Amino acid sequence: MRDAEGAGETEPSGRIAILEDTDGDGSMDRRTTFASGLVMPRGVLPCYADARGAGALVIEPPNLWFMKDTDRDGVADEKRLVLSGFEGENPEHAPNALTWGLDNWIHLSQHSLEFRFDGPPTLATQTRPTPAHGQWGLATDRVGRLFYTPNSEALKMDLVPKHYAMRNPAQRAFPMMGVLVCGDQTVWPVHPTPGVNRGYMDGILREDKRLAVHTAACGTTLYEASLLGPGARGDAFVAEPAGNLVRRLNVEQTPDRVKATSAYPDRDFLASTNERFRPVQCAVGPEGALYVVDMHRGVIQHRTYLTDYLKSQVKDRGLERPLDMGRIYRVVPDRAVVPAPARLGSLSGARLVEQLAHADQWRRSTAQRLLVERRATDQQVPLRRMAIGHKDPIAKLHALWTLDGLGLATAGDALRAMLDPDTDVAIGGMRIAERWLASDQAGATSASDPSDTLVTALLELASSSDARARSQAL
């Protein structure tokens, strides 16, 4: 929205840039335009880099592209179509947030499918339908569950994989999808914020014209790293551009529920008096810093839903300018010793397997993705050793799903995981076991058919004292 009417919206002015900190001082000092001439690109997922250069999946509605730099100059010179159907006439409800999951599927917000992607040379994909929920952004916790923020609600989640909701076409609702885990939508701007789309509605603004509750929650991340200290691990950071702030939620996880509450009673994690401070995305970097993307402009509501109230606010207070002032903030503890960002792409397969046990989620997830992308089947032995015997259940879980991503997981691996005392490992085993349970729906078995043993284990788990294990078994 370069103005309240959306002028120039369909012009090919979109770009994807690679930003680098070349001297390790925490500030980006090199910028390379990886791709340009795009019309409202909605998501980018770096993947399948190799010795020739960087690669990325890019949503440019209605297409999903794979772009590749083949001569190591940082600029994509190859652009190949992967999938179509990513409609984007209304950018508020266009597919976004390409997210590589623990299960090696790529998940999205606001789109009715998810997919696995085998990369070059074939660019083969496998898709499955899902509910098209969420809005802007998608986050995963340490065991791969999806969290999102549909603008008026700070945090919702799926307690089970969302493609399960599509198995019964007659089912109208699925009680374990879109579960609200934060019941308090209160926000605390530090200045009057009358320029919000719903400002004329009761309860949206306080008497002093400050935003009272979320109306544009988006861009959530779950902090699973070490740099901000143990008190931050597992917390959710939620962007609220309408209130010029970022909210922090303490996320409590018990065996039978997830609950998020404000980290502070009467303030938010970060807030600005600048009305053009528009945080729209939070992310955790390779070194554990929290990154906040500030779109930094006055008009953020799309013209499709721009109310007369907000049009008047835009005009009366000159909110259409300035433009092109976006920035990225990097949040680290004061006087902290910040480690250098990890460059996992240079590690051997054996070293990547070791990273699956790292304390920080970025390292674990990136190592898993790189092993799968490299088709590192030569790491089968150390992966299975970790999946069976590592002391950390999260390392076991990553090793198990890496085996699955490489096509090496066996029914024995699934069964062993199902029998693990840790609930999350058992859930991973149950999910991987599905392919054998569905392989012979008529019920016929053979001497080599593992389904009978898996069903026996499933029936036991369906009677477990652990609510999450029971739910997954059912």
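The following legends describe close-up views of a predicted model. Local features require pLDDT of at least 70 and side-chain atom pairs pLDDT 80 or more, whereas totals for chains, interfaces and linings use all residues. Residues are numbered from 1 along each chain as its sequence is written, and side-chain values use heavy atoms, without hydrogens and water.

**View A. The aromatic pair of Phe 277 and Tyr 329.** Rings of Phe, Tyr and Trp (its six-membered ring) pair if their centres lie within 6.5 Å; planes under 30 degrees apart count as stacked, over 60 as edge-to-face and the rest as tilted. The count by this rule is 6 aromatic pairs. In the edge-to-face pair of Phe 277 and Tyr 329, the centres are 5.9 Å apart and the planes form an angle of 75 degrees.

**View B. The ring cluster of Tyr 48, Phe 66 and Phe 117.** Ring pairs join these three residues into a cluster.

**View C. Charges over tryptophan rings.** A charge sits over a ring if NZ of Lys or CZ of Arg is within 6 Å of the ring centre and within 35 degrees of the ring normal. Lys 79 lies over the face of Trp 65, 4.4 Å from the ring centre. The charged end of Arg 435 sits over the ring of Trp 436, at 5.1 Å from its centre.

**View D. Residues of helix 5 and helix 7 in contact.** Helices (H or I, at least four residues) are DSSP runs, numbered from the N terminus. Contact means heavy atoms within 4.5 Å. Residues of helix 5, including Leu 397, Leu 400 and Trp 401, meet residues of helix 7, among them Val 425, Gly 428 and Ile 432.

How values were computed. Helix = DSSP H or I, 4+ residues; strand = E, 2+ residues; numbered from the N terminus.
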